[in-house]
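Look at the sequence and the structure shown here. The report below goes through the helices, the surface and the salt bridges in turn.

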Amino acid sequence: MGWIYALLLVGAVAVLAAAEWPRLTARLGVRARLPGATKRRRDSHLRPVRTESEEFAASVERDLNRLPTIEERDRP
């Protein structure tokens with residue numbers, strides 16, 4: 001009976017290792033040893049998004065002004 005339990009334990013460890021493999025390789029793999037270089041290379045094509053904050057604020061203000069409101073005398 002002991003070998004059945006040992007076989008089940010080995011199978012459980014194998015399933016756990018297979019499920020956690022991506023996280024383990026991210027922490028212990030080659031990419032984990034050179035985080036700055038690979039991150040710069042991977043993110044080199046990304047650029048910050050420019051927003052027009054004044055235009056956005058004005059559009060929000062317009063939208064808020066268009067919303068219907070309930071006056072005190074209209075409440076039941």
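The protein chain contains four helices and zero strands. Read from the N terminus, its elements follow the order α-α-α-α. The model is predicted.

Of its 76 residues, 3% count as buried. The chain exposes about 7900 Å², and carbon and sulfur atoms supply 62% of that area.

**Helix H1**

Helix H1 covers residues 2-28. H1 has 27 residues, yet its end C-alpha atoms are only 34 Å apart. A straight helix would reach 39 Å at 1.5 Å a residue, and H1 falls short of that. A kink of about 60 degrees is found in H1 at Trp21. The kink comes shortly before a proline, Pro22.

**Helix H4**

Helix H4 runs over residues 53-66. How far does H4 reach from its first C-alpha to its last? The 14 residues of H4 reach 20 Å, close to the 20 Å expected at 1.5 Å a residue.

**Salt bridges**

How many salt bridges does a search of the whole structure find? The search finds two.

| Salt bridge | Closest N and O atoms |
|---|---|
| Glu20 with Arg23 | 2.5 Å |
| Arg66 with Asp63 | 4.0 Å |

Glu20 and Arg23 both lie in H1, where they are three residues apart, about one turn of the helix. Arg66 and Asp63 both lie in H4 and are likewise three residues apart, about one turn of that helix.

The accessibility of three of these residues can be sorted by two cut-offs. Buried means under 20% relative accessible area and exposed means over 50%, with partly exposed in between. Glu20 has 28% relative accessibility, so it counts as partly exposed. Asp63 has 43%, so Asp63 also counts as partly exposed.

Definitions and conventions
Residues numbered from 1 in each chain as written. Predicted model: local features only at pLDDT ≥ 70, side-chain atom pairs only at ≥ 80, totals over all residues. Heavy atoms only, no water. Salt bridge = Lys/Arg side-chain N within 4 Å of Asp/Glu carboxyl O. Helix = DSSP H or I, 4+ residues; strand = E, 2+ residues; numbered from the N terminus. Buried < 20%, exposed > 50% of the residue type's maximum accessible area, 1.4 Å probe, protein only. Areas by Shrake-Rupley, 256 points an atom, 1.4 Å probe, with all protein chains shown as cover. Expected span 1.5 Å × (residues − 1). Bend = angle between axes of the 7 residues up to and from the residue.
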